[in-house]
Amino acid sequence: MRVTILILIVLLFSCSSIDRRGDIENANLIIGKSTKQDVINSIGLPNKVEIKEGNEFWIYSGKELNSDFFIPLPVGAKKVSSNTYRVYFADIGHEIKYDFEPICVCVFNKEMVLINAFDPR
Amino acid sequence: MRFFSLFVLFGAILSGCAVNSANRLSVDQSMDMKREKVAINYFLAEKKINYIETLYRVLWLETKSSSMDFSGIWNPDDLLSDVVSSSIGKLDFDTSTLVSILDHDVVNDYRKALKIDYIKNSIGENPQIPGVKLAPPNEYFKKYPDFDAFNTLSEALLDKGYSYLFEYLASDIYGNAPGYGMVIVTMPSQLRILDLKQKKVIWSNITTTHEIYQMGGDLQKLEHNNLEKLKEAILIGVNEVVAQDRLSPMLLNKVSDNSTN
(Lines give C-alpha, C1' and ligand atoms only; values in the text may rest on other atoms or scores of the structure.)
Protein backbone atom coordinates (compact mmCIF):
# COMPACT_ATOMS: atom_id res chain seq x y z
CA MET A 1 0.00 0.00 0.00
CA ARG A 2 2.78 2.43 0.95
CA VAL A 3 4.63 1.61 -2.27
CA THR A 4 1.50 2.28 -4.30
CA ILE A 5 0.96 5.64 -2.60
CA LEU A 6 4.61 6.51 -3.16
CA ILE A 7 4.33 5.66 -6.86
CA LEU A 8 1.17 7.75 -7.16
CA ILE A 9 2.88 10.73 -5.48
CA VAL A 10 5.91 10.40 -7.77
CA LEU A 11 3.63 10.28 -10.83
CA LEU A 12 1.60 13.24 -9.61
CA PHE A 13 4.66 15.47 -9.30
CA SER A 14 6.76 13.95 -12.10
CA CYS A 15 9.03 16.49 -13.70
CA SER A 16 8.47 18.17 -17.02
CA SER A 17 11.42 18.45 -19.39
CA ILE A 18 9.80 21.59 -20.84
CA ASP A 19 9.61 23.43 -17.49
CA ARG A 20 13.15 24.68 -16.91
CA ARG A 21 12.58 27.44 -14.36
CA GLY A 22 14.53 25.48 -11.74
CA ASP A 23 17.50 25.00 -14.09
CA ILE A 24 17.49 28.71 -14.93
CA GLU A 25 17.36 29.79 -11.28
CA ASN A 26 20.22 27.45 -10.34
CA ALA A 27 22.35 27.94 -13.45
CA ASN A 28 26.06 28.32 -12.86
CA LEU A 29 27.18 30.40 -15.83
CA ILE A 30 30.29 32.56 -15.98
CA ILE A 31 30.15 35.87 -17.84
CA GLY A 32 33.08 36.15 -20.24
CA LYS A 33 33.79 32.44 -20.14
CA SER A 34 30.70 30.29 -20.65
CA THR A 35 29.95 29.37 -24.26
CA LYS A 36 26.69 28.70 -26.06
CA GLN A 37 27.27 25.00 -25.50
CA ASP A 38 27.74 25.55 -21.75
CA VAL A 39 24.46 27.47 -21.65
CA ILE A 40 22.60 24.72 -23.54
CA ASN A 41 24.02 22.04 -21.25
CA SER A 42 22.96 24.08 -18.23
CA ILE A 43 19.54 25.51 -19.12
CA GLY A 44 18.81 24.19 -22.61
CA LEU A 45 17.79 25.89 -25.82
CA PRO A 46 16.12 29.31 -25.70
CA ASN A 47 12.56 29.95 -26.84
CA LYS A 48 13.61 32.87 -29.02
CA VAL A 49 16.81 34.17 -30.58
CA GLU A 50 17.25 37.82 -31.55
CA ILE A 51 20.24 39.61 -33.04
CA LYS A 52 20.89 43.20 -32.01
CA GLU A 53 23.98 45.29 -32.74
CA GLY A 54 26.03 42.21 -33.61
CA ASN A 55 25.20 40.38 -30.39
CA GLU A 56 22.90 37.40 -30.06
CA PHE A 57 20.16 37.42 -27.43
CA TRP A 58 18.82 34.08 -26.21
CA ILE A 59 15.46 34.59 -24.52
CA TYR A 60 13.99 32.06 -22.10
CA SER A 61 10.51 31.81 -20.62
CA GLY A 62 11.45 28.61 -18.82
CA LYS A 63 7.97 27.15 -19.03
CA GLU A 64 5.42 25.75 -21.44
CA LEU A 65 3.36 27.91 -23.81
CA ASN A 66 0.33 25.70 -23.51
CA SER A 67 -0.98 23.17 -21.01
CA ASP A 68 -3.88 20.87 -21.78
CA PHE A 69 -5.53 18.74 -19.10
CA PHE A 70 -7.43 15.55 -19.84
CA ILE A 71 -9.54 14.73 -16.77
CA PRO A 72 -11.94 11.82 -17.32
CA LEU A 73 -15.01 11.92 -15.08
CA PRO A 74 -17.35 8.90 -15.04
CA VAL A 75 -20.82 10.19 -15.90
CA GLY A 76 -22.80 7.03 -16.45
CA ALA A 77 -22.85 3.30 -16.97
CA LYS A 78 -24.89 0.87 -19.02
CA LYS A 79 -25.17 -2.84 -18.49
CA VAL A 80 -24.24 -4.61 -21.72
CA SER A 81 -24.25 -8.20 -20.42
CA SER A 82 -24.73 -10.05 -17.15
CA ASN A 83 -21.31 -9.12 -15.84
CA THR A 84 -20.19 -6.28 -18.12
CA TYR A 85 -20.90 -2.56 -17.87
CA ARG A 86 -20.02 0.14 -20.34
CA VAL A 87 -18.85 3.22 -18.44
CA TYR A 88 -19.12 6.68 -19.99
CA PHE A 89 -16.66 9.45 -19.22
CA ALA A 90 -16.71 13.17 -19.84
CA ASP A 91 -13.49 15.13 -20.22
CA ILE A 92 -13.75 17.97 -17.71
CA GLY A 93 -10.20 19.11 -18.38
CA HIS A 94 -9.29 22.52 -19.65
CA GLU A 95 -6.57 24.23 -21.62
CA ILE A 96 -4.31 27.03 -20.42
CA LYS A 97 -2.44 29.24 -22.86
CA TYR A 98 0.40 31.22 -21.33
CA ASP A 99 1.69 34.55 -22.55
CA PHE A 100 5.37 34.49 -23.40
CA GLU A 101 7.08 36.12 -20.40
CA PRO A 102 10.88 36.12 -20.53
CA ILE A 103 12.60 35.29 -17.24
CA CYS A 104 16.16 35.10 -18.52
CA VAL A 105 18.16 36.63 -21.35
CA CYS A 106 21.65 35.42 -22.27
CA VAL A 107 23.74 37.67 -24.52
CA PHE A 108 26.56 36.27 -26.68
CA ASN A 109 29.20 38.06 -28.69
CA LYS A 110 30.39 36.99 -32.14
CA GLU A 111 32.87 34.59 -30.54
CA MET A 112 29.85 32.77 -29.01
CA VAL A 113 30.95 33.70 -25.49
CA LEU A 114 28.40 34.75 -22.88
CA ILE A 115 28.85 38.48 -22.23
CA ASN A 116 25.73 39.13 -20.16
CA ALA A 117 22.84 37.30 -18.51
CA PHE A 118 19.91 39.02 -16.85
CA ASP A 119 16.31 38.75 -15.73
CA PRO A 120 14.30 41.22 -17.87
CA ARG A 121 11.36 41.41 -15.43
CA MET B 1 -1.82 1.88 -23.78
CA ARG B 2 -4.29 4.30 -25.27
CA PHE B 3 -1.51 6.68 -26.31
CA PHE B 4 0.66 3.89 -27.65
CA SER B 5 -2.23 2.75 -29.84
CA LEU B 6 -2.72 6.33 -30.98
CA PHE B 7 0.96 6.55 -31.82
CA VAL B 8 0.84 3.36 -33.87
CA LEU B 9 -2.25 4.67 -35.64
CA PHE B 10 -0.54 7.99 -36.28
CA GLY B 11 2.45 6.18 -37.78
CA ALA B 12 0.18 4.11 -39.98
CA ILE B 13 -1.63 7.23 -41.18
CA LEU B 14 1.66 8.92 -41.97
CA SER B 15 2.91 5.88 -43.85
CA GLY B 16 -0.36 5.80 -45.73
CA CYS B 17 0.02 9.46 -46.67
CA ALA B 18 3.51 8.80 -47.97
CA VAL B 19 2.38 5.93 -50.16
CA ASN B 20 -0.80 7.55 -51.42
CA SER B 21 0.80 10.83 -52.36
CA ALA B 22 3.73 9.23 -54.12
CA ASN B 23 3.89 9.94 -57.80
CA ARG B 24 6.44 9.17 -60.42
CA LEU B 25 8.46 10.97 -63.03
CA SER B 26 7.79 9.68 -66.53
CA VAL B 27 10.63 7.90 -68.29
CA ASP B 28 11.05 10.91 -70.59
CA GLN B 29 11.21 13.35 -67.68
CA SER B 30 13.68 11.15 -65.90
CA MET B 31 15.90 10.88 -68.98
CA ASP B 32 15.68 14.65 -69.61
CA MET B 33 16.75 15.29 -66.04
CA LYS B 34 19.70 12.96 -66.36
CA ARG B 35 20.94 14.90 -69.38
CA GLU B 36 20.86 18.18 -67.46
CA LYS B 37 22.44 19.49 -64.28
CA VAL B 38 20.35 19.44 -61.09
CA ALA B 39 20.70 21.94 -58.25
CA ILE B 40 19.87 20.72 -54.74
CA ASN B 41 18.39 22.68 -51.86
CA TYR B 42 17.49 21.45 -48.38
CA PHE B 43 15.55 24.09 -46.47
CA LEU B 44 14.20 24.13 -42.92
CA ALA B 45 11.92 27.18 -42.65
CA GLU B 46 12.00 27.57 -38.86
CA LYS B 47 15.16 26.55 -37.02
CA LYS B 48 12.99 25.44 -34.13
CA ILE B 49 11.98 22.28 -32.35
CA ASN B 50 8.43 22.20 -31.05
CA TYR B 51 8.03 20.09 -27.93
CA ILE B 52 4.92 18.23 -26.85
CA GLU B 53 5.05 16.08 -23.73
CA THR B 54 2.37 14.09 -21.95
CA LEU B 55 2.64 13.73 -18.18
CA TYR B 56 0.68 11.13 -16.20
CA ARG B 57 -0.84 12.76 -13.10
CA VAL B 58 -2.59 9.69 -11.62
CA LEU B 59 -6.17 10.89 -12.17
CA TRP B 60 -5.55 13.00 -15.21
CA LEU B 61 -3.14 13.60 -18.10
CA GLU B 62 -1.37 16.86 -18.73
CA THR B 63 0.03 17.75 -22.14
CA LYS B 64 2.54 20.58 -22.18
CA SER B 65 3.93 22.19 -25.28
CA SER B 66 6.60 24.72 -26.09
CA SER B 67 8.92 25.80 -28.86
CA MET B 68 12.73 26.04 -28.71
CA ASP B 69 14.91 28.01 -31.11
CA PHE B 70 18.20 26.44 -32.22
CA SER B 71 19.04 29.00 -34.90
CA GLY B 72 21.87 30.34 -32.74
CA ILE B 73 23.72 27.04 -32.68
CA TRP B 74 22.73 24.97 -35.70
CA ASN B 75 21.75 25.65 -39.30
CA PRO B 76 21.20 22.31 -41.02
CA ASP B 77 20.49 23.73 -44.50
CA ASP B 78 23.94 23.41 -46.03
CA LEU B 79 24.92 20.15 -44.34
CA LEU B 80 21.69 18.42 -45.32
CA SER B 81 21.84 19.88 -48.84
CA ASP B 82 25.13 17.95 -49.15
CA VAL B 83 23.46 14.77 -47.85
CA VAL B 84 20.54 15.10 -50.29
CA SER B 85 22.85 15.96 -53.18
CA SER B 86 24.99 12.91 -52.49
CA SER B 87 21.96 10.59 -52.37
CA ILE B 88 20.32 11.98 -55.52
CA GLY B 89 23.72 11.83 -57.24
CA LYS B 90 23.77 8.06 -56.63
CA LEU B 91 20.73 7.80 -58.91
CA ASP B 92 22.97 9.01 -61.77
CA PHE B 93 21.77 12.61 -61.70
CA ASP B 94 24.39 15.34 -62.03
CA THR B 95 23.77 17.16 -58.74
CA SER B 96 25.32 20.10 -56.90
CA THR B 97 24.13 22.05 -53.88
CA LEU B 98 22.94 25.64 -54.27
CA VAL B 99 25.79 27.03 -52.18
CA SER B 100 28.38 25.26 -54.33
CA ILE B 101 26.89 26.79 -57.49
CA LEU B 102 25.87 30.31 -56.53
CA ASP B 103 26.96 33.21 -54.41
CA HIS B 104 25.95 32.77 -50.76
CA ASP B 105 24.02 36.06 -50.80
CA VAL B 106 21.76 34.87 -53.64
CA VAL B 107 21.08 31.60 -51.82
CA ASN B 108 20.48 33.33 -48.49
CA ASP B 109 18.16 35.89 -50.07
CA TYR B 110 16.17 33.06 -51.64
CA ARG B 111 15.94 31.12 -48.38
CA LYS B 112 14.84 34.22 -46.45
CA ALA B 113 12.16 34.97 -49.05
CA LEU B 114 11.07 31.31 -49.10
CA LYS B 115 10.60 31.46 -45.31
CA ILE B 116 8.41 34.55 -45.66
CA ASP B 117 6.45 32.86 -48.45
CA TYR B 118 6.07 29.76 -46.26
CA ILE B 119 4.63 31.78 -43.39
CA LYS B 120 2.38 33.76 -45.73
CA ASN B 121 0.93 30.53 -47.13
CA SER B 122 0.72 28.64 -43.83
CA ILE B 123 -2.59 26.86 -43.25
CA GLY B 124 -2.71 28.51 -39.81
CA GLU B 125 -1.42 28.36 -36.28
CA ASN B 126 -0.77 25.05 -34.58
CA PRO B 127 -3.67 24.79 -32.08
CA GLN B 128 -1.46 22.95 -29.60
CA ILE B 129 1.50 25.36 -29.66
CA PRO B 130 0.70 29.09 -29.66
CA GLY B 131 2.75 31.11 -32.13
CA VAL B 132 3.82 28.12 -34.21
CA LYS B 133 2.72 28.24 -37.83
CA LEU B 134 1.83 25.06 -39.69
CA ALA B 135 3.26 24.29 -43.12
CA PRO B 136 1.50 25.48 -46.28
CA PRO B 137 -1.05 23.11 -47.90
CA ASN B 138 0.08 20.44 -50.37
CA GLU B 139 -1.14 22.55 -53.31
CA TYR B 140 1.49 25.17 -52.43
CA PHE B 141 4.28 22.75 -53.30
CA LYS B 142 2.74 21.86 -56.65
CA LYS B 143 2.62 25.49 -57.76
CA TYR B 144 5.68 26.98 -59.44
CA PRO B 145 7.14 29.68 -57.13
CA ASP B 146 6.71 33.26 -58.19
CA PHE B 147 8.57 35.76 -56.04
CA ASP B 148 11.53 38.01 -56.80
CA ALA B 149 14.23 36.11 -54.92
CA PHE B 150 13.19 32.85 -56.58
CA ASN B 151 13.20 34.43 -60.02
CA THR B 152 16.71 35.79 -59.36
CA LEU B 153 17.87 32.36 -58.17
CA SER B 154 16.25 30.61 -61.13
CA GLU B 155 17.92 32.93 -63.65
CA ALA B 156 21.29 32.51 -61.93
CA LEU B 157 20.94 28.71 -62.02
CA LEU B 158 19.98 28.71 -65.70
CA ASP B 159 22.98 30.95 -66.45
CA LYS B 160 25.18 28.35 -64.75
CA GLY B 161 23.64 25.56 -66.84
CA TYR B 162 21.30 24.10 -64.23
CA SER B 163 17.84 23.26 -65.58
CA TYR B 164 16.34 21.56 -62.54
CA LEU B 165 16.04 22.34 -58.85
CA PHE B 166 15.40 19.48 -56.42
CA GLU B 167 14.14 20.79 -53.09
CA TYR B 168 13.74 19.08 -49.72
CA LEU B 169 11.53 21.48 -47.76
CA ALA B 170 10.56 21.24 -44.09
CA SER B 171 8.70 23.75 -41.95
CA ASP B 172 10.03 22.78 -38.51
CA ILE B 173 10.88 19.86 -36.26
CA TYR B 174 8.77 18.24 -33.55
CA GLY B 175 9.94 16.46 -30.40
CA ASN B 176 7.16 14.45 -28.80
CA ALA B 177 7.26 12.61 -25.46
CA PRO B 178 3.95 10.67 -25.46
CA GLY B 179 4.83 8.42 -22.53
CA TYR B 180 6.52 5.05 -21.93
CA GLY B 181 9.86 6.89 -21.88
CA MET B 182 9.72 7.47 -25.63
CA VAL B 183 10.97 10.60 -27.34
CA ILE B 184 9.93 10.84 -30.98
CA VAL B 185 11.57 13.31 -33.35
CA THR B 186 9.56 14.05 -36.48
CA MET B 187 10.03 16.41 -39.39
CA PRO B 188 7.10 16.77 -41.81
CA SER B 189 8.53 17.58 -45.23
CA GLN B 190 7.85 18.03 -48.91
CA LEU B 191 10.10 17.07 -51.79
CA ARG B 192 9.70 18.69 -55.20
CA ILE B 193 11.47 19.04 -58.52
CA LEU B 194 11.23 22.28 -60.45
CA ASP B 195 11.87 22.42 -64.18
CA LEU B 196 13.43 25.86 -64.43
CA LYS B 197 13.23 26.07 -68.24
CA GLN B 198 9.57 25.03 -68.48
CA LYS B 199 8.75 26.92 -65.27
CA LYS B 200 6.76 24.11 -63.71
CA VAL B 201 6.81 21.64 -60.86
CA ILE B 202 7.29 18.22 -62.43
CA TRP B 203 7.19 16.13 -59.25
CA SER B 204 6.33 16.52 -55.59
CA ASN B 205 6.03 14.13 -52.69
CA ILE B 206 4.88 14.56 -49.12
CA THR B 207 6.92 12.71 -46.54
CA THR B 208 8.01 12.75 -42.93
CA THR B 209 10.92 11.54 -40.87
CA HIS B 210 10.43 10.00 -37.47
CA GLU B 211 13.05 8.61 -35.12
CA ILE B 212 12.18 7.06 -31.78
CA TYR B 213 14.49 7.12 -28.76
CA GLN B 214 14.14 5.74 -25.27
CA MET B 215 15.18 8.72 -23.12
CA GLY B 216 12.91 8.40 -20.13
CA GLY B 217 10.63 10.92 -21.80
CA ASP B 218 13.21 13.68 -21.26
CA LEU B 219 13.07 16.00 -24.27
CA GLN B 220 16.02 18.02 -22.97
CA LYS B 221 18.29 15.05 -23.71
CA LEU B 222 17.89 15.89 -27.41
CA GLU B 223 19.84 19.09 -26.70
CA HIS B 224 22.78 17.60 -24.79
CA ASN B 225 26.27 17.46 -26.33
CA ASN B 226 25.69 20.10 -28.96
CA LEU B 227 22.23 18.79 -29.95
CA GLU B 228 23.79 15.39 -30.65
CA LYS B 229 20.58 13.32 -30.61
CA LEU B 230 18.52 15.93 -32.42
CA LYS B 231 21.09 16.17 -35.21
CA GLU B 232 21.38 12.40 -35.35
CA ALA B 233 17.61 11.96 -35.64
CA ILE B 234 17.33 14.47 -38.49
CA LEU B 235 20.35 13.08 -40.34
CA ILE B 236 19.06 9.49 -40.12
CA GLY B 237 15.58 10.59 -41.15
CA VAL B 238 16.74 12.60 -44.17
CA ASN B 239 19.03 9.77 -45.27
CA GLU B 240 16.07 7.37 -45.15
CA VAL B 241 13.81 9.72 -47.12
CA VAL B 242 16.35 10.17 -49.93
CA ALA B 243 17.63 6.60 -49.88
CA GLN B 244 18.10 5.05 -53.31
CA ASP B 245 15.62 2.22 -52.76
CA ARG B 246 12.92 4.71 -51.76
CA LEU B 247 13.45 7.37 -54.43
CA SER B 248 14.46 5.27 -57.42
CA PRO B 249 10.93 3.89 -58.09
CA MET B 250 9.66 7.48 -58.16
CA LEU B 251 12.50 9.20 -60.01
CA LEU B 252 13.76 6.37 -62.22
CA ASN B 253 10.42 5.04 -63.34
CA LYS B 254 11.00 2.19 -65.76
CA VAL B 255 7.32 1.80 -66.56
CA SER B 256 5.69 4.35 -68.84
CA ASP B 257 3.52 6.45 -66.58
CA ASN B 258 2.05 9.88 -67.11
CA SER B 259 0.90 10.35 -63.52
CA THR B 260 2.94 13.46 -62.93
CA ASN B 261 1.81 16.86 -61.83
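I start with chain A, where strands in the order β1-β2-β7-β8 make an open sheet of four strands with antiparallel pairing. β1 (48–52) and β8 (114–118) of chain A are at the edges with a single partner strand each, so one side of each has no neighbour in the sheet. Averaged over this sheet, and ignoring direction, neighbouring strands are turned by 20° against each other. Please keep in mind that this is a predicted model.

β2, residues 55–60 of chain A, and β7, residues 104–108 of chain A, are joined by five bridges in the antiparallel sense. If you want a place to look, find Tyr60(A), whose bridge partner in β7(A) is Cys104(A). As background, strands of a sheet pair through backbone hydrogen bonds, either parallel or antiparallel.

Now the contact between the two chains. How many residues does each chain put in? Chain A gives 29 residues and chain B gives 31 residues. On the chain A side, the elements that contribute two or more residues are α1 (2–12), α3 (36–43), β1, β2 and β3 (66–70). Of these, β3(A) supplies the largest share, five residues. By class, the chain A side that touches chain B has 13 nonpolar, 10 polar and six charged residues.

On the model, you can find Phe70(A) opposite Leu61(B), the latter in β3(B).

On to chain B itself. It has nine helices and eight strands. Of its 261 residues, 39% are buried. Taking contacts in chain B between residues at least 6 apart in sequence, 72% join residues at least 24 apart.

Why call it largely enclosed by the rest of the structure? Because 10 of its 14 residues are buried.

β7(B) has several pairings, which I will take in turn. With β5(B) there are seven bridges, antiparallel, and Leu165(B) has Leu194(B) in β7(B) as its bridge partner. With β6(B), residues 173–179, there are four bridges, also in the antiparallel sense. Here Gly175(B) is opposite Val185(B) of β7(B). β6(B) and β7(B) form a hairpin with two residues between them, and in its turn Tyr180(B) has a positive phi of about 55°.

Then comes β8(B), residues 200–214, which pairs antiparallel with β7(B) over 14 bridges. Gln190(B) is opposite Ile206(B) in β8(B). This is a hairpin too, with four residues between β7(B) and β8(B), and Lys199(B) in the turn has a positive phi of about 55°.

Next, the core. The largest nonpolar core has 69 residues, and the members that touch the most others are Val38(B), Ala39(B), Val84(B) and Tyr164(B). Strand β5 of chain B, residues 162–170, gives the largest share of this core, seven residues. What does Val84(B) touch, not counting residues up to four places away in sequence? The list is Ile40(B), Tyr42(B), Tyr168(B), Val238(B) and Val242(B). In general, nonpolar side chains tend to be buried together in soluble globular proteins.

One helix pair, briefly. In chain B, α5 (residues 104–120) and α7 (residues 148–159) pack at an angle of about 145°, their axes 8 Å apart. Their crossing is left-handed. From α5(B) the contact uses Val106(B), Asp109(B), Tyr110(B) and Ala113(B), and from α7(B) Ala149(B), Phe150(B), Thr152(B), Leu153(B) and Ala156(B). That makes seven nonpolar, one polar and one charged residues in the contact of α5(B) with α7(B).

Last, a single residue. Lys48(B) is in strand β2 of chain B, residues 48–56. Is Lys48(B) buried or exposed? It is buried, because 23 other C-beta atoms lie within 10 Å, and the cut-off for buried is 20 or more. Apart from neighbours within four places in sequence, Lys48(B) is in contact with Ser67(B), Met68(B), Asp69(B), Phe70(B) and Asp172(B). The C-alpha atoms of Lys48(B) and Ser65(B) are 13 Å apart, with the two residues 17 residues apart along the chain.

Technical notes:
Residues numbered from 1 in each chain as written. Chains lettered and ligands numbered in written order. Predicted model: local features only at pLDDT ≥ 70, side-chain atom pairs only at ≥ 80, totals over all residues. Pairing = 2+ DSSP bridges. Axes fitted to C-alpha atoms, helices over the stretch in contact; angles between N-to-C directions. Core = buried A, V, L, I, M, F, W, Y, C linked by C-beta atoms within 7 Å. Buried ≥ 20, exposed ≤ 12 C-beta atoms within 10 Å, placed from the backbone. Contact = placed C-beta atoms within 7 Å. Left-handed = near helix turned anticlockwise from the far one by under 90°. Nonpolar A, V, L, I, M, F, W, Y, C, P; charged D, E, K, R; others polar.
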